[in-house]
Amino acid sequence: MKKIIALIIVALSIGGCAKEMQNLSSAISAAQNFKITQGQVDAARNSYDGFVLAPMRRYAKLVRCRTGESLTLNNPCHDRKLLKQLREVDRKVEAAFITTQNRITSGDDKGAVLAYNSLMSLIDIGKALINQTGISVLGG
Amino acid sequence: MADIQLAIKLAKMAYDAGKDMYPYVKTAYEIMFKNKILTAEERDAMTKQEQEWRADIDKVIAEDDAATD
(Lines give C-alpha, C1' and ligand atoms only; values in the text may rest on other atoms or scores of the structure.)
Protein backbone atom coordinates (compact mmCIF):
# COMPACT_ATOMS: atom_id res chain seq x y z
CA MET A 1 0.00 0.00 0.00
CA LYS A 2 2.87 2.38 0.87
CA LYS A 3 4.40 1.71 -2.54
CA ILE A 4 1.15 2.62 -4.29
CA ILE A 5 0.91 5.91 -2.38
CA ALA A 6 4.56 6.68 -3.22
CA LEU A 7 3.88 5.99 -6.91
CA ILE A 8 0.89 8.36 -6.92
CA ILE A 9 2.94 11.09 -5.20
CA VAL A 10 5.68 10.74 -7.82
CA ALA A 11 3.12 10.82 -10.63
CA LEU A 12 1.45 13.96 -9.28
CA SER A 13 4.83 15.63 -8.76
CA ILE A 14 5.61 15.14 -12.44
CA GLY A 15 2.37 16.92 -13.32
CA GLY A 16 3.14 19.77 -10.88
CA CYS A 17 6.67 20.32 -12.24
CA ALA A 18 5.34 20.35 -15.78
CA LYS A 19 3.06 23.30 -15.04
CA GLU A 20 5.91 25.28 -13.44
CA MET A 21 8.11 24.65 -16.48
CA GLN A 22 5.33 25.73 -18.81
CA ASN A 23 4.84 29.06 -17.00
CA LEU A 24 8.58 29.71 -16.94
CA SER A 25 8.87 28.98 -20.64
CA SER A 26 6.04 31.41 -21.51
CA ALA A 27 7.52 34.20 -19.35
CA ILE A 28 10.93 33.92 -20.97
CA SER A 29 9.47 33.89 -24.46
CA ALA A 30 7.46 37.03 -23.73
CA ALA A 31 10.54 38.86 -22.43
CA GLN A 32 12.42 38.26 -25.67
CA ASN A 33 9.98 39.54 -28.25
CA PHE A 34 12.21 41.78 -30.36
CA LYS A 35 14.22 39.09 -32.10
CA ILE A 36 13.56 35.38 -32.34
CA THR A 37 16.54 33.10 -31.90
CA GLN A 38 17.00 29.53 -33.08
CA GLY A 39 17.16 28.54 -29.40
CA GLN A 40 13.72 30.03 -28.73
CA VAL A 41 12.20 28.05 -31.59
CA ASP A 42 13.95 24.85 -30.51
CA ALA A 43 12.82 25.36 -26.91
CA ALA A 44 9.26 26.10 -28.04
CA ARG A 45 9.25 22.97 -30.21
CA ASN A 46 10.51 20.73 -27.42
CA SER A 47 8.06 22.30 -25.03
CA TYR A 48 5.20 21.79 -27.52
CA ASP A 49 6.18 18.17 -28.14
CA GLY A 50 6.31 17.48 -24.40
CA PHE A 51 3.23 19.37 -23.27
CA VAL A 52 0.88 19.00 -26.24
CA LEU A 53 1.93 16.45 -28.86
CA ALA A 54 2.95 13.64 -26.47
CA PRO A 55 -0.25 13.97 -24.37
CA MET A 56 -2.28 14.19 -27.61
CA ARG A 57 -0.89 10.88 -28.77
CA ARG A 58 -1.50 9.36 -25.34
CA TYR A 59 -5.09 10.65 -25.46
CA ALA A 60 -5.57 9.18 -28.95
CA LYS A 61 -4.36 5.80 -27.70
CA LEU A 62 -7.21 5.62 -25.19
CA VAL A 63 -10.26 3.74 -26.40
CA ARG A 64 -12.92 5.79 -28.16
CA CYS A 65 -15.63 7.19 -25.87
CA ARG A 66 -19.07 5.93 -26.76
CA THR A 67 -21.81 8.48 -27.46
CA GLY A 68 -22.56 10.43 -24.29
CA GLU A 69 -19.45 9.21 -22.50
CA SER A 70 -16.49 11.34 -21.49
CA LEU A 71 -13.10 10.69 -19.92
CA THR A 72 -13.23 9.77 -16.24
CA LEU A 73 -10.67 8.14 -13.96
CA ASN A 74 -12.58 4.88 -14.14
CA ASN A 75 -13.25 5.15 -17.85
CA PRO A 76 -10.28 6.69 -19.69
CA CYS A 77 -11.41 7.27 -23.27
CA HIS A 78 -10.96 9.83 -26.06
CA ASP A 79 -13.64 12.03 -27.57
CA ARG A 80 -13.37 11.72 -31.35
CA LYS A 81 -14.45 15.32 -32.04
CA LEU A 82 -12.00 16.75 -29.54
CA LEU A 83 -9.17 14.61 -30.91
CA LYS A 84 -9.91 15.81 -34.42
CA GLN A 85 -9.97 19.43 -33.26
CA LEU A 86 -6.63 18.91 -31.54
CA ARG A 87 -5.08 17.47 -34.67
CA GLU A 88 -6.39 20.36 -36.77
CA VAL A 89 -4.72 22.84 -34.44
CA ASP A 90 -1.59 20.67 -34.46
CA ARG A 91 -1.46 20.89 -38.27
CA LYS A 92 -1.50 24.68 -38.01
CA VAL A 93 1.19 24.60 -35.30
CA GLU A 94 3.33 22.34 -37.48
CA ALA A 95 3.02 24.79 -40.39
CA ALA A 96 3.71 27.77 -38.11
CA PHE A 97 6.92 26.15 -36.86
CA ILE A 98 8.05 25.71 -40.47
CA THR A 99 7.21 29.33 -41.33
CA THR A 100 9.05 30.65 -38.25
CA GLN A 101 12.07 28.48 -39.01
CA ASN A 102 12.16 29.69 -42.63
CA ARG A 103 12.04 33.35 -41.52
CA ILE A 104 14.93 32.79 -39.10
CA THR A 105 16.97 30.92 -41.69
CA SER A 106 16.46 33.70 -44.24
CA GLY A 107 17.42 36.40 -41.69
CA ASP A 108 13.98 38.06 -41.76
CA ASP A 109 13.86 39.19 -38.10
CA LYS A 110 10.61 41.12 -38.37
CA GLY A 111 8.88 38.26 -40.17
CA ALA A 112 10.25 35.80 -37.63
CA VAL A 113 8.77 37.79 -34.73
CA LEU A 114 5.37 37.89 -36.43
CA ALA A 115 5.48 34.20 -37.31
CA TYR A 116 6.64 33.30 -33.79
CA ASN A 117 3.84 35.31 -32.16
CA SER A 118 1.31 33.59 -34.37
CA LEU A 119 2.89 30.24 -33.48
CA MET A 120 2.61 31.01 -29.75
CA SER A 121 -1.08 31.84 -30.12
CA LEU A 122 -1.70 28.52 -31.86
CA ILE A 123 0.26 26.66 -29.18
CA ASP A 124 -1.92 28.32 -26.53
CA ILE A 125 -5.00 26.97 -28.33
CA GLY A 126 -3.40 23.52 -28.39
CA LYS A 127 -2.65 23.70 -24.67
CA ALA A 128 -6.23 24.79 -23.93
CA LEU A 129 -7.60 21.84 -25.90
CA ILE A 130 -5.21 19.42 -24.17
CA ASN A 131 -6.46 20.71 -20.81
CA GLN A 132 -10.01 20.14 -22.04
CA THR A 133 -9.26 16.45 -22.69
CA GLY A 134 -8.49 15.89 -19.00
CA ILE A 135 -5.43 13.83 -19.88
CA SER A 136 -3.19 16.32 -18.03
CA VAL A 137 -4.77 15.19 -14.76
CA LEU A 138 -2.79 12.01 -15.24
CA GLY A 139 0.55 13.82 -15.57
CA GLY A 140 0.51 14.59 -19.28
CA MET B 1 -9.38 -4.03 -3.73
CA ALA B 2 -11.02 -2.10 -6.59
CA ASP B 3 -9.56 1.13 -5.19
CA ILE B 4 -6.07 -0.33 -5.14
CA GLN B 5 -6.43 -1.56 -8.72
CA LEU B 6 -7.60 1.90 -9.80
CA ALA B 7 -4.68 3.53 -7.95
CA ILE B 8 -2.19 1.23 -9.68
CA LYS B 9 -3.79 1.91 -13.07
CA LEU B 10 -3.66 5.68 -12.52
CA ALA B 11 -0.08 5.60 -11.31
CA LYS B 12 0.96 3.62 -14.37
CA MET B 13 -0.81 6.02 -16.74
CA ALA B 14 0.81 9.01 -15.03
CA TYR B 15 4.21 7.34 -15.17
CA ASP B 16 3.81 6.56 -18.88
CA ALA B 17 2.69 10.12 -19.66
CA GLY B 18 5.66 11.57 -17.77
CA LYS B 19 8.03 9.21 -19.56
CA ASP B 20 6.91 10.57 -22.98
CA MET B 21 7.04 14.17 -21.88
CA TYR B 22 10.20 14.28 -19.77
CA PRO B 23 12.94 14.18 -22.49
CA TYR B 24 11.35 17.13 -24.33
CA VAL B 25 10.85 19.21 -21.21
CA LYS B 26 14.43 18.47 -20.16
CA THR B 27 15.78 19.55 -23.57
CA ALA B 28 13.68 22.74 -23.52
CA TYR B 29 15.13 23.51 -20.08
CA GLU B 30 18.69 22.89 -21.26
CA ILE B 31 18.20 25.15 -24.30
CA MET B 32 16.76 27.95 -22.18
CA PHE B 33 19.04 27.80 -19.16
CA LYS B 34 22.18 25.95 -20.18
CA ASN B 35 22.64 27.38 -23.68
CA LYS B 36 22.27 23.98 -25.26
CA ILE B 37 22.29 24.13 -29.07
CA LEU B 38 20.53 21.34 -30.90
CA THR B 39 22.53 19.48 -33.52
CA ALA B 40 21.12 18.68 -36.96
CA GLU B 41 20.88 15.02 -35.86
CA GLU B 42 18.87 15.96 -32.77
CA ARG B 43 16.49 18.05 -34.88
CA ASP B 44 16.10 15.20 -37.35
CA ALA B 45 15.38 12.75 -34.54
CA MET B 46 12.77 15.14 -33.16
CA THR B 47 11.14 15.50 -36.58
CA LYS B 48 11.06 11.72 -37.00
CA GLN B 49 9.46 11.26 -33.57
CA GLU B 50 6.87 13.95 -34.33
CA GLN B 51 6.02 12.27 -37.65
CA GLU B 52 5.56 8.90 -35.93
CA TRP B 53 3.29 10.39 -33.27
CA ARG B 54 1.25 12.29 -35.85
CA ALA B 55 0.89 9.14 -37.94
CA ASP B 56 -0.37 7.27 -34.83
CA ILE B 57 -2.91 10.03 -34.16
CA ASP B 58 -4.06 10.14 -37.79
CA LYS B 59 -4.56 6.38 -37.75
CA VAL B 60 -6.84 6.66 -34.71
CA ILE B 61 -8.78 9.52 -36.33
CA ALA B 62 -9.27 7.44 -39.48
CA GLU B 63 -10.53 4.54 -37.33
CA ASP B 64 -12.88 6.91 -35.49
CA ASP B 65 -14.23 8.20 -38.79
CA ALA B 66 -14.84 4.68 -40.03
CA ALA B 67 -16.56 3.56 -36.81
CA THR B 68 -20.32 3.44 -36.70
CA ASP B 69 -20.80 3.46 -32.90
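Angles under 35 degrees count as roughly parallel, over 145 as roughly antiparallel, 65 to 115 as roughly perpendicular and the rest as oblique. The model is predicted: local features need pLDDT of at least 70 and side-chain atom pairs count only at pLDDT 80 or more, while totals for chains, interfaces and linings use all residues. Residues are numbered from 1 along each chain as its sequence is written, with chains lettered from A and ligands numbered from 1 in the order in which they are written.

**Exercise 1. Work out how helix 2 of chain A sits against helix 4 of chain A.**
How are helix 2 and helix 4 of chain A oriented, roughly parallel or roughly antiparallel?

*Solution.* 
- Take the axes of helix 2 (residues 38-61) and helix 4 (residues 109-133) of chain A: they come within 10 Å and cross at roughly 30 degrees. Axes here are lines fitted to C-alpha atoms, for helices over the stretch in contact, with angles from 0 to 180 degrees between N-to-C directions.
- Helix 2 and helix 4 of chain A are therefore roughly parallel to each other.
- The crossing of the two is left-handed, meaning the near helix is turned anticlockwise from the far one by less than a right angle (clockwise would be right-handed).
- For the contact (C-beta atoms, placed from the backbone, within 7 Å), helix 2 of chain A brings residues including A:Tyr48, A:Val52 and A:Met56, and helix 4 of chain A brings A:Leu119 and A:Ile123 among them.
- By class, this contact has 10 nonpolar, 2 polar and 1 charged (nonpolar: Ala, Val, Leu, Ile, Met, Phe, Trp, Tyr, Cys and Pro; charged: Asp, Glu, Lys and Arg; polar: the others, Gly among them).

**Exercise 2. Repeat this for helix 3 of chain A.**
At roughly what angle do the axes of helix 2 and helix 3 of chain A cross?

*Solution.* 
- The axes of helix 2 and helix 3 of chain A come within 11 Å and cross at roughly 165 degrees.
- That makes helix 2 of chain A roughly antiparallel to helix 3 of chain A.
- Handedness: helix 2 of chain A passes helix 3 of chain A in a left-handed crossing.
- Among the residues that meet are A:Tyr48 and A:Met56 in helix 2 of chain A, and A:Val93 and A:Phe97 in helix 3 of chain A.
- This contact divides into 11 nonpolar, 3 polar and 2 charged.

**Exercise 3. Follow A:Tyr48 into the core.**
Which residues have the most contacts inside the largest nonpolar core?

*Solution.* 
- The largest nonpolar core has 41 residues, and A:Tyr48, A:Val52, A:Met56, A:Val93 and A:Leu119 have the most contacts inside it. Such a core is a set of buried Ala, Val, Leu, Ile, Met, Phe, Trp, Tyr and Cys residues joined through C-beta atoms within 7 Å.
- Helix 2, helix 3 and helix 4 of chain A, plus helix 1 (2-33) and helix 2 (40-66) of chain B, each supply at least two residues of this core.
- A:Tyr48 touches A:Leu53, A:Val93 and A:Ile123, leaving aside residues up to four places away in sequence.

**Exercise 4. Tally the contact between the chains.**
How many residues does each chain give?

*Solution.* 
- Chain A gives 37 residues and chain B gives 32 residues.
- Helix 2 of chain A supplies the largest share of the side of chain A that touches chain B, 16 residues.

Conventions: Helix = DSSP H or I, 4+ residues; strand = E, 2+ residues; numbered from the N terminus. Contact = placed C-beta atoms within 7 Å. Buried ≥ 20, exposed ≤ 12 C-beta atoms within 10 Å, placed from the backbone.
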